[in-house]
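Please look over this structure with me. The questions below take it one contact at a time.

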Amino acid sequence: MQIPFLNLKAINKPFELEIKEVFDEVLEKGWYILGEKGRAFEEAFAQFCNVKYCLGVANGLDALTIILKACAFPLEAEILVASNTYIATILAIKHAGYVPVLVEPSLETYLIDSANIEQKITSKTSAILVTHLYGKCCDMQAINLIAKKHHLRVFEDAAQAHGAKYKEKLAGNLSDGAGFSFYPSKNLGALGDAGAITTNDDALAEKIMALRNYGSSKKYVFDYQGINSRLDEIQAAILSLKLRKLEEDNHYRRKIASLYLNNIKNDKIILPPNDTLEDDVWHLFVIRTTQRDDFVKYMLSKGIGTDIHYPIPPHQQKAFTEWNRVSLPISEKIHKEVVSIPLNISLTENEITYIIETINIF
Ligand SMILES: *Cc1c(COP(=O)(O)O)cnc(C)c1O
C-alpha cells in the first residue's frame, strides 16, 4: 500500500465542480480583489468562530504581523512566544518591529507552558502570542489570567486550529485577536495563499482593515503606513464553500485521532495527549520517538509517508544567529524526536488500519 503524507488533490476532489463554477463566476463578474465574495467569506468565518470581525488578508504570516502592527506597541516591545512554534509566529513579531521572547513549551502538550510565562515578563513585555500548535488550544484560562495581572494583550496564532475548541469557545475567539492561515494544507485550505484575522475589538478591526490595504481609510486617503495584504475573490469563494464542510472534516480527523490513540501500541512511540480529543482539530498527529530516523525509513519502506513538524528549533536556525547559543532543552528534545504520521480527510479506514498495524510492529 502507498500512503502519501498528504495528497492535496484528493483533499480538493470533492469540491471539483463547485470550484470550477467559482472560477467561471469570478471571471465573468470581473471583480477580483476586495469584493463581495471576500465579504461573504469574512462574514461566514466570523460567524463560525463566533467573533464580531473577520478580515481577510493574503496569508497567515501577514495576519499575525498586521494584528501586532495595529497595536502600535512601543518600539522594542517584547512579545512572548512559544520556542517550538512555526517560524512564522516569530517572524511576525520581528516584521511588526518588536522583540520575540522565547518561552519553553510543555513536553506533554507541545504548547506554550503557562508555568514558564511569568519568569519571562519584563517592564518591556507588551503581549503574549500563543500558538494552538497541531490543532490543540493553549491553556487560555491560565494565560489570560497572567496577562490580566501584568496588563498584557493576548493574541492567537490559530493557523493550525480552525474550529478547535477551548471550554466551549473556538480558536480565534480566545484572546484580543487571532491570525489564521488558509495555506492549502491547513484544515481549511485555499488553492493558494490566504489568511484572516479575527477579533472582537472595534478599534483594532478598523485599523486592521486599513493596514491590509496600504493604510487606506477610504479611497486614496491613507491614515497609516500599511501593506498590501488582501484576500482575493477566487480564494475567498473557494474558502466559503470549503468552510461548509469544515465541521465534518474536523469530525473525521477526530475519529482518525481516536483510532490512532486507542490502537497504536508500541513502547518506542509516545502518543500525543488525548485529554481534549473532542475539542482538538488534529491538524497534525505528532508522535515522539528517540529512534526517529529509523522510524521514518521503516515507514517509507512500508509505503507510508511521514513528515517532521519541525526538524530544527527556531533558536538554532541560521536566520536567528543571536539565539544560536541559547539552550532550550525542551524545544530541542521535541525537535529531535517528533514525527507526524498521515492524518487527513482522504485516508480510508483500510489505510488507517494499515498505518496502525505497521507502527505496532516497528
Ligand atoms: C502555516 C502557519 C503559519 C503561516 O501561514 P502562511 O499562510 O503560510 O503565512 C503561521 N503559523 C503557524 C503555526 C502555521 O502553521
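Q: At roughly what angle do the axes of H4 and helix H5 (residues 87-95) cross?
A: The model is predicted, so local features need pLDDT of at least 70, side-chain atom pairs count only at pLDDT 80 or more, and totals for chains, interfaces and linings use all residues. Residues are numbered from 1 along each chain as its sequence is written, and side-chain values use heavy atoms, with hydrogens and water left out. Helices (H or I, at least four residues) and strands (E, at least two) are DSSP runs, numbered from the N terminus; axes are lines fitted to C-alpha atoms, for helices over the stretch in contact, and angles run from 0 to 180 degrees between N-to-C directions. The two axes come within 8 Å, and they cross at roughly 40 degrees.

Q: Is H4 parallel, perpendicular or oblique to H5?
A: Angles under 35 degrees count as roughly parallel, over 145 as roughly antiparallel, 65 to 115 as roughly perpendicular and the rest as oblique. The crossing angle is roughly 40 degrees. That makes H4, relative to H5, oblique.

Q: Which residues of H5 take part in the contact with H4?
A: Contact means heavy atoms within 4.5 Å. H4 brings Leu61, Leu64, Thr65, Leu68 and Lys69. On the H5 side are Ala88, Thr89, Leu91, Ala92, Ile93 and His95.

Q: How many nonpolar residues does the contact of H4 with H5 have?
A: Ala, Val, Leu, Ile, Met, Phe, Trp, Tyr, Cys and Pro count as nonpolar, Asp, Glu, Lys and Arg as charged, and the others, Gly among them, as polar. Three residues are polar and one is charged. The nonpolar count is seven.

Q: Why are H4 and H7 oblique to each other?
A: H4 covers residues 60-71 and H7 covers residues 202-211. Their axes come within 9 Å. H4 and H7 are oblique because they cross at roughly 120 degrees.

Q: Which residues of H7 meet H4?
A: From H4 come Ile66, Ile67, Lys69, Ala70 and Cys71. They meet four residues of H7: Leu204, Lys207, Ile208 and Leu211.

Q: How many residues in the contact of H4 with H7 are charged?
A: Seven are nonpolar and no residue is polar. The charged count is two.

Q: Which residue has a side-chain N or O atom 2.6 Å from an oxygen atom of the ligand?
A: A ligand oxygen is 2.9 Å from a polar backbone atom of Leu61. Another pairing puts a ligand oxygen 2.8 Å from a side-chain N or O atom of Gln160. At 2.6 Å, the side chain belongs to Ser181.

Q: How far apart are the axes of H2 and helix H8 (residues 233-243)?
A: These helices pack at an angle of about 145 degrees. Glu18, Ile19, Val22, Phe23 and Val26 of H2 meet Glu233, Ile234, Ala237, Ile238 and Leu241 of H8. The axes lie apart by 10 Å.

Q: Which residue has a positive phi although it is not a glycine?
A: Most residues other than glycine have a negative phi. Here phi is about 50 degrees, at Leu34. The loop between helix H2 (16-29) and helix H3 (36-49) holds this residue, Leu34.

Q: Which residue does a cis peptide bond join to His309?
A: Most peptide bonds are trans. In this cis bond, omega is about 15 degrees.

Key
A polar contact is a pair of N or O atoms within 3.5 Å; within protein, one must be able to donate a hydrogen and the other to accept it, and residues adjacent in sequence count only if both atoms are side-chain atoms.
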